[in-house]
Amino acid sequence: MNPYNLAFPVNPATRVSAGGVEDVAAAVQQARRQGRRVSVMATGHGLNAPIEDGVLITTERMREVTIDPTARTATLAAGVRWAQVIEAAAPYGLAPVNGSSARVGAVGYTLGGGSGPLSRAYGFAADHVRRVRLVDGTGQVREVDADSDPELFWAVRGGKGNFGVVTEIEIGLMPVATLYGGSVYYPGEAARDVLQAFGEWSADLPDRVSTTSVAVLRLPPLPELPEVLRGQLVVQLRYAHLDGVEAGEKVLAGMRSVAGPLLDTVQEMPYTAVDSIHQDPPEPIPFWDGGAGLAGFPAEAADALLDLVGPGQDVPIPLVEVRLQGGAMARPPVVPNAVTGRDAAYALSAVGLMAGDAARVVPALIAEIVAAVGPWRSASDLFNMIGPAGPERVAALWTEADRARLLAVKQRVDPAGMFGGAHTIGRTS
């Protein structure tokens, strides 16, 4: 399989296309005997470093989804994409806490926390995990929940793939069948007005605004895009409200009046159409990303970003987004977990294209964008949004006490340090 992110080479010594937990356990046991590291890939959206040597386990064949409408749960195999879960849950009026793109692998997204279109109302995806099946560093298959192994259950929900290869998760589903959502697109010349207004408008929104963000987009001249957007610098306001058209329109009115829109797609929709809110690119691309949690988004922060990526700047950065966090994400889950970034009021995400000459400058540009919001940073970042990062950046996601707790779990279940890829917890070189 080819990963979604084409920026990094994938050249493992051994590639295993797993069809089930037995294949995964055999691959891990072989890797342990050979002293090799193990990488795991479902869709490759989260690929953030080259995969050289080692054993790569691909899980795209593991696509089983089971819905229990009475318990409001879904059981997902390791290769499942969110689109499958959304479609399977919809007939029962239920929905998962999925990502902004339904093409993303459900398991990897959830292990890193998972902040998506329902998260301000219902929390992080990891908050709704009931059970995990994983293969640890000895090749042992573990059934993990809050009772069987509380420490590992805490760590794996937020610590990504550092503790083994997760082959199945059971998650809770939310009672959501429809939402009022979509996007309002403004011309690039209105960027400063829109971003500054967004910072004021979004500061005290109710949790039932389950997601909203503002993004500066440099769109390609593709024929599948609406003509008014092709090849343009635009500002996209993304929005979803869970209490119907009247309530949703009332809240959105303050932003709709900021500038004359190029296009307004906000409407009542079935949850199965949730991808239409963010309109993430469906096809694989080579990209480098980075991000940071923000304690606030005042006008000065908006100006700092626009000085780098706003109108008049010629940069290979197709997306810079500031997404409202808070709501249920700021509250501790019923069963505590290791998810980072709960203190972030907003999340900054920037994506650059690693193609041609741009590949030489994009990583530095992304770092500059993240540095520009330094004065407004929150205490911690969201693990899924940091992009390529060294061990110091990964370690800094947690407090000293939580980091020590994670390391103790990792030493117990992965003593040889086989798992975690470029985001390995505890690796110092």
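## Aromatic pairs

The chain has 9 aromatic pairs, where rings of Phe, Tyr and Trp (its six-membered ring) pair if their centres lie within 6.5 Å. A pair of aromatic rings is described by the distance of the centres and the angle of the planes. Planes under 30 degrees apart count as stacked, over 60 as edge-to-face and the rest as tilted.

The model is predicted: local features need pLDDT of at least 70, side-chain atom pairs count only at pLDDT 80 or more, and totals for chains, interfaces and linings use all residues. Residues are numbered from 1 along each chain as its sequence is written, and side-chain values use heavy atoms, with hydrogens and water left out.

## Two edge-to-face pairs

The ring centres of Trp 82 and Tyr 109 are 5.7 Å apart and the planes stand at 90°, so this pair is edge-to-face. Trp 82 belongs to helix H2 (residues 82-89) and Tyr 109 to helix H3 (residues 106-111), so the pair ties together parts 27 residues apart in sequence. Trp 82 and Tyr 109 are both buried (under 20% relative accessible area, with exposed over 50% and partly exposed in between; 1.4 Å probe, protein chains only).

Phe 383 and Trp 398 also form an edge-to-face pair, because their ring centres are 5.4 Å apart and their planes are at 90°. Phe 383 is in the loop between helix H10 (362-372) and helix H11 (391-395), and Trp 398 is in the loop between H11 and helix H12 (400-413), so the pair ties together parts that are 15 residues apart in sequence. Phe 383 counts as buried at 0% relative accessibility, and Trp 398 counts as buried at 7%.

## A cluster of rings

Which residues do ring pairs link into a cluster? They are Tyr 180, Phe 198, Trp 201, Tyr 239, Phe 297 and Tyr 346.

## The whole chain

The chain has 12 helices and 18 strands; these are DSSP runs numbered from the N terminus, helices being H or I of at least four residues and strands E of at least two. The radius of gyration is 21 Å, close to the 22 Å that the globule rule gives for 429 residues, so the chain is as compact as a globular protein of that length. This radius is taken over C-alpha atoms, and the rule is 2.2 Å times the number of residues to the power 0.38. Along the principal axes, the C-alpha atoms fill a box of roughly 60 × 50 × 45 Å.

Of the 429 residues, 56% are buried. Among contacts (heavy atoms within 4.5 Å) between residues at least 6 apart in sequence, 75% join residues at least 24 apart.
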